[in-house]
Amino acid sequence: MAPFLAALSFLTIFPSPRPADLPQRAISDSRAWFPLVGLILGLMLVGLEWVLGYAFSPYVTSAALVVFLVIVNRALHLDGLMDTCDGLFGGDSPERRREIMRDSHVGAFAVAGAACALLIKYAALLSLLSLDLPGKEAALLLFPVFSRYTMVLQLMVFPYVRTPGLGSPFHEYPATVPSAIAAVVSLVAALVIGGAGGMLVLAGICIFALLVGQGMAGLAGGMTGDTYGATNELSEAVGLLVLVAIMPFGLVAPIWYQVGGLL
């Protein structure tokens, strides 16, 4: 139970023990439940869209969903994106880039990066809600799952450079089993909720996260808590765009719909 509570503490504003009150091993193992927390957020997005859709246009509803995504994790991931943009684009060496990331001041790159990410997510959500197609809920459920799995993937692949830091506990213990659980949860969600399209988007998002992580690690000398948060924000935006693009082709739908259509 402690790893799941740690995941909630890291990824949401839901009442749960603070990381400082949890065992370091539980914090490390919490990665197993990152995709599940993403699925919970996806369910909340579906419910919020369903309620707001009765009273407001897709324009207002899309804006509310974007605001929800910012608030639900205390803007932690957005802050990570902003710090990463300032550091990676404002520094001329790995050390200087990490120094800028630690600075609490906000620069032009941070503002531009946050504005672009929020604008893309708003436009993608608006496009999704405006589609006259069944099964749009699948996209709302899946993109938070995929984006949170990308952080688990990067934790496995790239070195962590900031010690001590928010991400330090994730690199102090063996993580094969928790990482495998996260992968299985993501794969099952992709297949059951999204069918063939869900699996395709998950694969694409993983490739995207690996490429982005390679670039970030190269520029900063390794990964930091900020770059993990930035990856989540970027993966949300890209995942939404891809899901919207393939929705009209009927690729994203619960697996039982697709199997039934073939019988």
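Residues are numbered from 1 along each chain as its sequence is written. Because the model is predicted, local features need pLDDT of at least 70 and side-chain atom pairs count only at pLDDT 80 or more, while totals for chains, interfaces and linings use all residues.

**Stop 1: helix α7.** Select residues 108–130, which form α7; helices here are DSSP runs (H or I, at least four residues) numbered from the N terminus. Next, colour the buried residues of α7, among them Ala110, Gly113, Lys121 and Leu129; buried means under 20% relative accessible area (1.4 Å probe, protein chains only). The buried residues of α7 pack against α3 (34–52), α4 (58–71), α5 (76–90), α8 (136–157) and α10 (225–246), with contact meaning heavy atoms within 4.5 Å.

**Stop 2: Leu140.** Move to Leu140 in α8. Leu140 counts as buried because its relative accessibility is 1%. Leaving aside residues up to four places away in sequence, Leu140 touches Gly42, Leu45, Val46, Glu49, Leu65, Leu125 and Leu128. Ser130 is 10 residues from Leu140 along the chain, and their C-alpha atoms are separated by 13 Å.

**Stop 3: α8 against α10.** Show both helices: their axes come within 8 Å and cross at roughly 145°. Axes are lines fitted to C-alpha atoms over the stretch in contact, with angles from 0 to 180 degrees between N-to-C directions. Residues making the contact include Phe143, Arg148 and Met151 of α8 and Tyr228, Glu236 and Leu240 of α10.

Terms used:
Side-chain values use heavy atoms; hydrogens and water are left out. Helices (H or I, at least four residues) and strands (E, at least two) are DSSP runs, numbered from the N terminus. The expected span of a helix is 1.5 Å times one less than its number of residues. Buried means under 20% relative accessible area, exposed over 50%, partly exposed in between (1.4 Å probe, protein chains only).
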